[in-house]
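Work through the exercises below with the model open beside you. Try each task before you read its solution.

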Amino acid sequence: MPEGKELFTENLLSILIPVYNERAYIRASLNKVLAVKLPRGLSRELIIVNDASTDGTEEVILEFMQQYPEIKYYKQDFNQGKGAAIRRAIKEMTGEYAIIQDADLEYDPNEYSVVLRPLLEGHADVVYGSRFANREMRKILLYHHKLGNLFLTHLSNFFTGLDLTDMETCYKAFRSDVLKTIPLRSNRFGIEPEITAKIAKRDCSVYEVPISYYGRSYAEGKKIGWKDGLQAIYTILKYWMIDDCYSDEHTCYFQRRASAGRRFCKWMVEEIVPSIGNKSIEVGAGIGNISRMLPKKEKLTVTDSDPEVVGMIKQIYADNELVDVDSLDITDESDVTKFSGRGIDTVIMLSGVQKYEDDLAVLKNSARMLESGGRLILQVPNNKALFGSLDKEEGFLRRYSKKDIKKKLEDAGFTIEKCWGINSISALSWYCNSVFLKRKNIPLLQLKLLDTMIVFWKHVERFMPFKGLSLLIVARKK
């Protein structure tokens, strides 16, 4: 198996600079960004995206490019907005960390060290630089503009559950593996509440630090207006309703389902936690949205077969002594052999075996990794009658009955301790969309409704006669 490759260049800060008609300020701004001393020996790359400026901004940028090779320049074909420019910059960045920098002089690059500190110390996934948090000195702002910012911040907090003081701040810094995997849809200033909603739903560790702010007046070129405020309200409500948290190119079926059903994932983990031992291994972890919730006892090993994904997970768990990250192709016996003899007492495979042609061989390989008496915790799709277009779209080869999966596990050398259905509330929706309507995706609003109902449903499901959409199985190695 190839080793997990690094997705990003270590110790490199990507400074994302969206630009639109900033000729008056771009020279001074770039001089400051290029001159600032970065903390802990970080190097920098400037990702400048010109959003179809018409005032001569491009000429200034090209002049800088001749002197500074760390500048990467991209130009939009037509004016699309700040959000679209940032989206393009994210696509092109290669640094381990990223920070957004407006092209004007409202924010001071000399405060990068303040904003980046929680990231570099390993405490945060995301850091917001707050213009309104306590600090020694501040510029007096336009009252109505500040009032609008505070209103949007409090509205966002109400729906996300975060306790920010400044949601609309430009200075947002990220671990790049987080930022790269957030799908951003907003083209204008709605990108601020959109990012905030999505990092909240992904349970990112968010910090806030005070920063200085030298706000411009509208006469000096400020571009945000009251229409953008209305758009921000719409965006806050939209992404409260819709859980669009993971980019498609970085997810598989289960991870997309997880992003659309966070409460279901937490419920499933709660169900299996009592069966998890001290030395566990997760097979097919994807980008780690389930492994984050798993207990870290003596040792948790997180694995995936995709080298790009393995590289991403390694960055997530860097310096975590309780978590190992490794590559694993569960269909490859020689690859499985390297995990034998490690004293593994629990194999967790919540992405299921339904995608594998030889599912029995996969179950036997799971047994090979376990010590005698160890447990396999498995999640598989339930009920053959539900097999349809959604299963095919995600590469599923089959659904199981309890009888089928129990027979497979016994043939693989396991005895069944527990097998139960879960998430029966979604079975009717799955049948309608997959079998009857033959859709390729369940509408996100429908998923949101089902996920919301799980708060109630998980307490009463055991009393219902319906079959679960999935089966959870705990099996012990003979």
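**Exercise 1.** Does Phe158 count as buried or exposed, and at what relative accessibility?

Solution. Start with the cut-offs: buried means under 20% relative accessible area, exposed over 50%, and partly exposed in between (1.4 Å probe, protein chains only). Phe158 has 64% relative accessibility, so Phe158 counts as exposed.

A note on the source: this is a predicted model, where local features need pLDDT of at least 70, side-chain atom pairs count only at pLDDT 80 or more, and totals for chains, interfaces and linings use all residues. Residues are numbered from 1 along each chain as its sequence is written, and side-chain values use heavy atoms, with hydrogens and water left out.

**Exercise 2.** Classify the aromatic pair of Tyr107 and Tyr171, and say which parts it ties together.

Solution. Step one is the rule. A pair of aromatic rings is described by the distance of the centres and the angle of the planes. Rings of Phe, Tyr and Trp (its six-membered ring) pair if their centres lie within 6.5 Å; planes under 30 degrees apart are stacked, over 60 edge-to-face, and the rest tilted.

Step two is the count: the structure holds seven aromatic pairs. In one of them, the ring centres of Tyr107 and Tyr171 are 5.0 Å apart and the planes stand at 40°, so this pair is tilted.

Step three is location. Tyr107 sits in the loop between strand E4 (95-100) and helix H4 (112-120), and Tyr171 in the loop between helix H5 (143-160) and strand E6 (172-175), so the pair ties together parts 64 residues apart in sequence. Helices (H or I, at least four residues) and strands (E, at least two) are DSSP runs, numbered from the N terminus. Both Tyr107 and Tyr171 are buried.

Now compare a second pair. Phe158 and Phe159 are edge-to-face, with 5.1 Å from centre to centre and 85° between the planes.

Finish with the cluster: Tyr107, Tyr112, Tyr171 and Tyr213 form one aromatic cluster.

**Exercise 3.** Describe the surroundings of Ser429.

Solution. Ser429 has a relative accessible area of 10% and is buried. Then list the contacts (heavy atoms within 4.5 Å). Leaving out residues up to four places away in sequence, Ser429 touches Ile442, Gln446 and Leu450.

**Exercise 4.** What share of the 478 residues in the protein is buried?

Solution. Buried residues make up 55% of the 478.
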